[in-house]
Amino acid sequence: MVNILAERLKNDEPLDRKKFRKGAYRLYIETYGCQMNVADSEVVLSILNEAGFGLTDDYKSADLILINTCAIRDNAEQRIFNRLNEFKHLKKRNKSLLIGIIGCMAERLKEKLVEKEKLVDLVVGPDAYRSLPDLVEEAESGQKAINVLLSREETYAEISPVRLSKNGVSAFVSIMRGCDNMCSYCVVPYTRGRERSRDPITILSEVQDLIDNGFREVTLLGQNVDKYNWNNGMVNFAKLLAMTAELDPDLRVRFSTSYPQDMTDEVLHTIAKYDNICKYIHLPVQSGSTAILKKMKRGYTREWYMDRIRAIRTIIPECAISSDFITGFCNETEEDHQETLSIMKWVGFDYSYMFKYSERPDTYAAKRLPDDVPEEVKSRRLKEIIELQNQLSLESNRRDVGGIFKVLVEGESKKSSDRLFGRNSQNKVIVFDKQNAEIGDYVIVKVNDCSSATLLGEIIRFK
Ligand code: SAM
Ligand code: SF4
């Protein structure tokens, strides 16, 4: 790569990236997994931009390919292995190409990836992105470039992420990192380390910067945003939400993920108080059975969760609620499964993300609880909850037909360039005829029809 770069720049100076003009190296990043990984890829791009890398959409012409990985379920990891095998062939044509994995698979699979299978040149964990420019140099000189150290402090607080999203309307803002919850099935506390909150001043300044650059919506991200805590409670999540909302009444504020055990009424009252905090809460329940929740070490019961739903319905009556579910967790009986179906009906979730339990190495469940629900039973239960959720989503959308919503326009509909799509405060996607609206506008839309996934409507006025 050094030679290519020298030729490209026609420059005889010794290699010092900081002296090279930006964009001299081509970086291709592929991101898997959650929104947090998208936010992290934007931090990585910012760090590597400073070191002379410019982004390319074409991996075939890249000097450095990074895959930001997800370890949450086994199938997520398998997809990444397949992708790495595809990229490996590129090395035959381009000997100086470097391939790296970053993110959650890094810690667990570093030896396998670098030493045994020689699939990658770099392995960098979620708390080590500042060392990426140095690690690239090391990899170029043929050394093993690995840094998977987790940190108790790193929040990349002052780094201005370079946005990957092309719409220029909505952006993710990371407010905390890691997780201390230790749910028994979950690999996140091992891959992303201890929970830590980011300095609120840097969060607000990042959001202000986005507003100044025309963005209309931010999503504040953390594995458990309700545990956000700066300076011994001086700023908690409710205060952070309020401060963000007050920056600009035309900025929409979203957040993810809320945690049933920790979500306070103070947070709910704050959401109700500000028009521009979206009336949508993603509150994963995982299971409707208290016995399973206990095995999952979620720290709440079915009744506690139902109490939190009652609180949402009372304080924010127009709020939409979504959830995550895991089917076939250790020892899950048919009765437990029925309790999951019954809590889904009781809440009437607007939307859900549903998964089969996938045992993850090193977790409490992997060490102590048998993964004893047969694969076909897991699949059948998953199918049942997906079918029920589709029905609930359709019912929820049907209730919105005839309704009028303020929609932030996010882009062109995939099916037709004459139509646009955006979301209402409740996070529902609405598709409508373009008229004169543009991406980034707020429009008032009347809903005329729906499917289980989408509302269809027409603009009745501009904001
Ligand atoms: N922190 C968030 C929370 O607690 O709700 C979400 C974290 S995780 C990235 C997203 C979802 O993946 C979880 O809510 C859970 O439903 C699912 N998940 C996590 N570990 C899993 C596992 N081992 N098998 C299947 N699904 C899993
Ligand atoms: Fe994983 Fe539980 Fe933390 Fe969510 S709260 S990231 S499921 S340990």
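Predicted model: local features only at pLDDT ≥ 70, side-chain atom pairs only at ≥ 80, totals over all residues.
Author: Local features here need pLDDT of at least 70 and side-chain atom pairs count only at pLDDT 80 or more, while totals for chains, interfaces and linings use all residues. Residues are numbered from 1 along each chain as its sequence is written, ligands are numbered from 1 in the order in which they are written, and side-chain values use heavy atoms, with hydrogens and water left out.

Reader: What makes a residue part of the shell around ligand 1, and which are the closest?

Author: A residue is near a molecule if one of its heavy atoms lies within 4 Å of it. For ligand 1 that gives 15 residues, the closest being Gln 223, Pro 284, Gln 286, Asp 324 and Ser 358. Strand E15 (320-327) and strand E16 (351-356) each supply at least two residues of this shell; strands are DSSP runs of E with at least two residues, helices runs of H or I with at least four, numbered from the N terminus.

Reader: How do you know that Ser 358 makes a polar contact with ligand 1?

Author: A polar contact is a pair of N or O atoms within 3.5 Å. A backbone N or O atom of Ser 358 sits 2.8 Å from a nitrogen atom of ligand 1, so by that cut-off it counts. Arg 73 has a polar side-chain atom 3.2 Å from an oxygen atom of the ligand. The protein covers 91% of the 560 Å² of accessible area that ligand 1 has on its own, by the Shrake-Rupley method with a 1.4 Å probe.

Reader: And what surrounds ligand 2?

Author: Its shell includes Cys 179, Met 182, Tyr 185 and Arg 298.

Reader: Why is the pair of Phe 329 and Tyr 357 called what it is?

Author: Rings of Phe, Tyr and Trp (its six-membered ring) pair if their centres lie within 6.5 Å; planes under 30 degrees apart count as stacked, over 60 as edge-to-face and the rest as tilted. The whole structure has 13 aromatic pairs. In this one the centres are 4.8 Å apart and the planes stand at 80°, so the pair of Phe 329 and Tyr 357 is edge-to-face. Phe 329 is in the loop between E15 and helix H12 (334-347) and Tyr 357 in the loop between E16 and helix H13 (364-368), so the pair ties together parts 28 residues apart in sequence.

Note on methods: Polar contact = N/O pair within 3.5 Å; in protein donor to acceptor, adjacent residues only side chain to side chain.
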